[in-house]
Amino acid sequence: MPYWIGYVGGYTDLASRLLIIGLAAMATNLLVGHSGVMAFGHAAYFGLSSYTTGLMIKYLIPSTPVGFLAGIIVGTLGGAIIGFLLARLRGIYFALATIAFGQVFFFIAFRWNAVTGGDNGLSFQRQPIDLGFLQLNLGSSRVYYYVALAVFAVCAALMAVVLRSPFGRTLLAMRENERRARFLSIPVNRHLWMAYIVSCFFVAVAGSLYGMLNNFVSPHDLHWTQSGDFVLMAVIGGMRSFWGPLLGAAIFVVAQDYLSSLTGNWMFFIGMLFVLVVLFLPRGIAGLLQRRTS
C-alpha cells in the first residue's frame with residue numbers, strides 16, 4: 001500500500017482512483033480553467049475510452065497495452081470530432097452542446113445491450129504485461145497503483161509543457177480577452193479545437209486507466225453528472241492552479257469513500273463545500289494555500 005494513503009486511512013485502490021480521477025479533473029481544467037470555456041461533457045471521452053479498452057480486452061485482443069492505446073485513440077478521436085463541431089460556439093451554447101453530445105454517448109452505451117451490456121455494464125479483466133525482462137502483474141493492486149502513478153506523472157509533465165508553451169500562453173490570452181486575441185490575428189477557434197483535443201487526450205488516458213482499475217465500465221461513466229463532478233473538483237481545488245484540480249479530486253474521492261459509508265446523502269456535504277468555496281475562496285483551496293505560503 002502507498003505509504004501516504006495510510007495517513008487518511010485509505011487503501012491501495014483508493015490511491016489509484018485518486019490519481020486517475022485527479023488526472024481527469026486536471027484535463028477538464030485545461031479547458032475550463034486555462035482556456036475559459038465551460039465544458040460539461042468530458043465524461044463522454046472518459047467513458048468512451050473506458051468502453052473501448054474493455055471491449056478490446058474482452059472481445060478482440062486480451063492485451064492491456066493494446067486496450068490502453070485503443071482507449072486513448074478512440075477517446076481522443078471522439079474529442080477531435082466533437083470539438084471540431086463545437087469550436088465556433090461560446091458561452092451557454094458551448095456548455096449545453098457539450099452536455100448534449102455527452103448524453104448521446106451515454107444513451108448509446110445504455111441501449112446497446114448486446115455490446116456494452118446496457119445498464120448492467122461491461123466486465124473484463126486487465127491482463128499482465130510481459131516486457132521480456134520483466135513481467136508486471138497488473139492483477140496486483142499495488143503494481144497497478146505504481147503503473148497508474150507513472151502514467152499520471154508523464155501526463156502531468158506533458159500537461160505542464162503544453163501550458164508553458166506558446167500555445168498554452170495563447171490559451172491564457174484567449175481566456176482573459178478573446179476579442180483582443182482575435183484582434184491580434186490569433187485563430188481563436190482553431191486554438192480552442194486544439195485545446196479540446198489535448199484535453200480529451202488526457203481525459204481518455206484517465207478513462208482507460210479507470211476502466212482497468214475497476215475491471216468494469218458502466219453507462220454512469222459517460223453521464224453528464226460525471227462531467228459535473230470533474231468541474232466541481234476543479235472549482236473546489238482551484239481552477240487557476242495547475243495542481244488545484246488534483247487537490248479537489250483528492251478531497252472529493254476521499255470524502256466520497258468515507259461519507260458514502262455513513263450516509264446516502266454524502267453529496268450534501270460536497271455541495272456545501274462547493275458553495276463555501278465559491279462564496280469565500282474564488283481561487284479554490286489551492287489559492288488559499290498559496291496565499292498562506294506567500
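**Salt bridges across the chain**

Hi everyone, let's begin with Glu-176 and Arg-240, whose side chains meet in a salt bridge at 3.8 Å, N to O. Glu-176 sits in helix 7 (residues 166-176), while Arg-240 is in the loop between helix 10 (224-237) and helix 11, so this pair ties together parts that are 64 residues apart in sequence. Keep in mind that we are looking at a predicted model. As for accessibility, Glu-176 is exposed, with a relative accessible area of 53%, whereas Arg-240 counts as partly exposed at 46%.

Now, which residues do salt bridges with shared partners join into one network? Those are Arg-90, Glu-178 and Arg-182. Within this group, the side chains of Glu-178 and Arg-90 meet at 3.0 Å, N to O. That pair also links distant parts of the chain, 88 residues apart: Glu-178 belongs to helix 8 (residues 178-183), and Arg-90 to the loop between helix 3 (64-86) and helix 4 (91-111). Glu-178 is partly exposed, with a relative accessible area of 24%, and Arg-90 is partly exposed too, at 23%.

On to one more pair, Asp-257 and Arg-17, with a salt bridge between their side chains at 3.7 Å, N to O. Here the partners are 240 residues apart, with Asp-257 in helix 11 (residues 244-262) and Arg-17 in helix 1 (residues 12-32). Are these two buried or exposed? Both Asp-257 and Arg-17 are buried.

For the tally, the count comes to five salt bridges, and the pairs I walked you through are among them: Glu-176 with Arg-240, Glu-178 with Arg-90, and Asp-257 with Arg-17.

Technical notes:
Residues are numbered from 1 along each chain as its sequence is written. This is a predicted model: local features need pLDDT of at least 70, side-chain atom pairs count only at pLDDT 80 or more; totals for chains, interfaces and linings use all residues. Side-chain values use heavy atoms; hydrogens and water are left out. A salt bridge is a side-chain nitrogen of Lys or Arg within 4 Å of a carboxyl oxygen of Asp or Glu. Helices (H or I, at least four residues) and strands (E, at least two) are DSSP runs, numbered from the N terminus. Buried means under 20% relative accessible area, exposed over 50%, partly exposed in between (1.4 Å probe, protein chains only).
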